[in-house]
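Me: I've got a protein model open and I'd like to learn how to read it. Can you take me through some features, one by one?

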Amino acid sequence: MIRKLFDVPRRILAGLAALATLVAVIMLSAMTDSTMQPLSASAPTAEFSAERALAHLKRFAAEPRPIGSAARDRARDYLAARLRAAGLRVEVQRSVGARSAAGLATFGQVDNIVGRLPGTDSTGTVLIAAHYDSAAMGAGASDDGAAVAAMIEAVRALRSGANPRNDIVLLMSDGEEDGVLGAEAFVREHPLGRTGGVLLNWEARGTSGPSLMFETSRDNARLVETFVDAVPAPRGDSAMVEMYRLLPNNTDFAPLTKAGFTGMNFAYIERSSLYHTAEDTIANLDRGSLQHHGANMLALARSLGNADLRTLTSDHDVTYFRALGTVITYPDVVVWPLAALSVLAVAGLALFARAGRLLSLPRLTVAAASAVVPLLASAALAQGLWELLVAVRPAYDTMGGLLHRPRPYQAAVVALSALAVLGWYLPLRRRLGPAALAVGALTWPAALGVLCARFAPGAAFLFTLPALMCALGALAALLLPTSAWARVAAATLGPITAAMLLPSLAGNAFDGMGLALGGVSALVLALFGLTVLPIVELFLPDPGSRPNRGVVVAVPLTAAVLALSLVGTGLVTDTFGADRPQRTHLAYVMDADTRVAHWVSADTDPAEWTRRYVSGHDTAALPPGYARGTLWTGPAPAITADGPRATVIAYDGRTLKLHVTAGKGARSVTLRLDRPITQATAAAGRFGSVSIPVSGTRAGTWPAEIRFRGIPASGVQITVRLPDSDRIRVTAIAETDGFSAVPGFLPRPAGLVAATREDGDLVAVTRGYTLTSTRASSLSG
């Protein structure tokens, strides 16, 4: 019982036709998932124009604008003025935002821009949100300037017609990059943040690609229906929603939906190697991505602006995805029946194949159990490839797997996945039989469909539908008394379904997580490989014939050689240059009391330019509590700087209250404590105060850290609660952007940009303090 599931005359020709069909489906799926063509400034008034939005982007996104910076202030004033010119009621909410993480409390003085267009007969609020601050190391043209510029152009187009029925609120939040501080302050303090409504949040994790609806609030059925019906080019699927809900990533969407808004979150994620770097510029922004963002934003603003928002509530999620350009949706009540049906279909195929003496149950059991091998092997090979790449080119490590030209490496992962599948299949096909291996392989997508139905229902379709269609197609090929070509066509239905879904999932995983987590994409590709085994079998001789050991060795060997060749191609083509910069981390640290200064880098293998400043790993001379992780260091000249000041107000062993200033020119201050804390409060005078609980400890440094971004010149009052302790040490760090104050500093050459570590490109001036509860009236340096 080691027969094929089915066989046909001229099987090689049939196999080539089937493979060509699969390739065509994959390419067509990629084409239909593309972005939009940008419209010029001469586009009709009622339409969104990327070129008109770009004119605004050039006015405020040509330089970094982190929270508390002068560039942030200039952007705020320009954006608020444009919203007023559009006829909105505009206010700037000035407040203190807060966020806690393990051992960390982050605060910031935020300036949120809130514009309101009252509805004519409102049934609720449509909140359109994006953040106008950027990371400190780049201008943030995509993250998130493009969305902010799109808001200005969208509201202009919206106002070209009759005012909408519902209230339209535009929130341009501040401090998102430092922990969604502006959105947190908005929902905590602003009246519009507590009324609820429908949220449309816009983000970017790259500089190109289609605008994807990648996250929704719970019970999204009516929201997805509106999205599919309203937007001209809907992109995204419910698997993204499920995956993002499992990830620790955070955008303004999180605090806004937690406060009661229902909504959708959008982003484009391609060319992510430029994300959070100095190359996130207007020149690198894909105009089609801006057009897609804005056209969808305008369409949803119109649709939701004139809908009865009270009818948008639902009690369930829906599965939604695109298949060859068509959006398919079904409610979550269908997920379990489909998962069960796929299992039954695979079981029915197994029983029918057993009845036809195509396989035996023992062989099927071994085949199903062994099919985990190519899945695990493909993931292991992809992760091993990443480790090899980092070993050969250490600069890749600072990029987190998001490379400039990853295509050859991604193709190598495809080849390695093929190697894993063929390396399992070819040696076993004569021992277990092609039918047993093909049917046994389908147990894995069917099982994953059941698993997803339980824990991530919106992603179950990725596995349930291929397993179901593969099993039904194979049954049809066995049962139907039709021509040979019709049998091949029936057997190809399942692989076609898989080709529409799984390669695009692997591509999104590559774009979103990079090669550092390439094992995820590899596993998906291996699953796809398992579904096409009946097609592969068309190219192979009868399993009962004398085995051709050359084929068993040559085919996997070819895949291995191809993978190595692609890796070599990647190493040659993905070189660093002016348009494909290498990242490097550098910071300047000076103890204000001793005036001893050092350069610091967290790079594994610093670039030649960075090695001008660092030469060893001696961190003993760094200020106490400053070092975090393994660092390179080197001597640096002292600068003239005020440095931070921490004045004790009270300390009784359990509560420490300080007044902290950062000194002239410093934008932020950080306090590191050698004891864990349980609560932190920041009070910034007229900007307000906020308290947050803190649990856990920081890794690789002192256990507690408090940050205040955009600190007022007059300083802030910081109060912390901590376990009873009669002695505590505090290191205060005043942070200033850039190294212009450091004598002899030579800027980075073309081809180098700052790494994304939060202390990069900062002048950090520190002061250390020791406090005991018996001396609560003063701190000693």
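Predicted model: local features only at pLDDT ≥ 70, side-chain atom pairs only at ≥ 80, totals over all residues.

Me: Where is Ala666, then, and is it buried or exposed?

Reply: Look in the loop between strand S15 (655-661) and strand S16 (668-673). Ala666 has a relative accessible area of 15%, so it is buried as well. Leaving aside neighbours within four places in sequence, its contacts are Ile711, Ala734, Glu735 and Thr736.

Me: Now helices. How do I check the length of one?

Reply: Multiply 1.5 Å by one less than the number of residues, and you have the expected span. Helix H10 covers residues 335-355, which is 21 residues, and its first and last C-alpha atoms are 30 Å apart, close to the 30 Å expected. Helix H15 has 19 residues and should span 27 Å; its end C-alpha atoms are 26 Å apart, which agrees.

Me: Which residues of H10 are buried?

Reply: Start with the general idea. An α-helix has 3.6 residues a turn, so residues three or four places apart point the same way. In H10, the buried ones are Val335, Leu338, Ala339, Ser342, Ala345, Val346, Leu349, Ala350 and Ala353. Looking down the axis of H10, you'd find these buried residues within an arc of 130°, so they line one face of the helix. On the other side of H10, Leu344, Leu351 and Ala355 are exposed.

Me: How many residues of H15 are buried?

Reply: The count is 15 of its 19 residues, so H15 is largely enclosed by the rest of the structure.

Me: How do I read a pair of helices that pack together?

Reply: Look at the angle between their directions; over 145 degrees counts as roughly antiparallel. Helix H2 (residues 50-60) and helix H3 (residues 70-85) pack at about 150°, and their axes are 9 Å apart. That angle makes H2 roughly antiparallel to H3.

Me: Which residues meet there?

Reply: From H2 you have His56, Arg59 and Phe60; from H3 you have Ala75, Tyr78, Leu79 and Arg82. The residues of this contact divide into four nonpolar, one polar and two charged.

Me: What about the backbone? Which residues have a positive phi?

Reply: Arg271 is one of them, with phi about 55° although it is not a glycine. You'll find Arg271 in the loop between strand S7 (262-268) and helix H9 (287-305), and at 37% relative accessibility it counts as partly exposed. Asp761 is another non-glycine residue with a positive phi, near 55°. Asp761 is in the loop between strand S22 (752-754) and strand S23 (762-772), and it is partly exposed, with a relative accessible area of 22%. Arg357, which follows H10, also has a positive phi, near 55°.

Me: Where is there a cis peptide bond?

Reply: Go to the bond from Asp143 to Asp144: it is cis, with omega near 5°. Asp144 lies in helix H4, residues 141-159.

Technical notes: Residues numbered from 1 in each chain as written. Heavy atoms only, no water. Helix = DSSP H or I, 4+ residues; strand = E, 2+ residues; numbered from the N terminus. Buried < 20%, exposed > 50% of the residue type's maximum accessible area, 1.4 Å probe, protein only. Arc of directions from axis to C-beta. Axes fitted to C-alpha atoms, helices over the stretch in contact; angles between N-to-C directions. Parallel < 35°, antiparallel > 145°, perpendicular 65-115°, else oblique. Contact = heavy atoms within 4.5 Å. Nonpolar A, V, L, I, M, F, W, Y, C, P; charged D, E, K, R; others polar.
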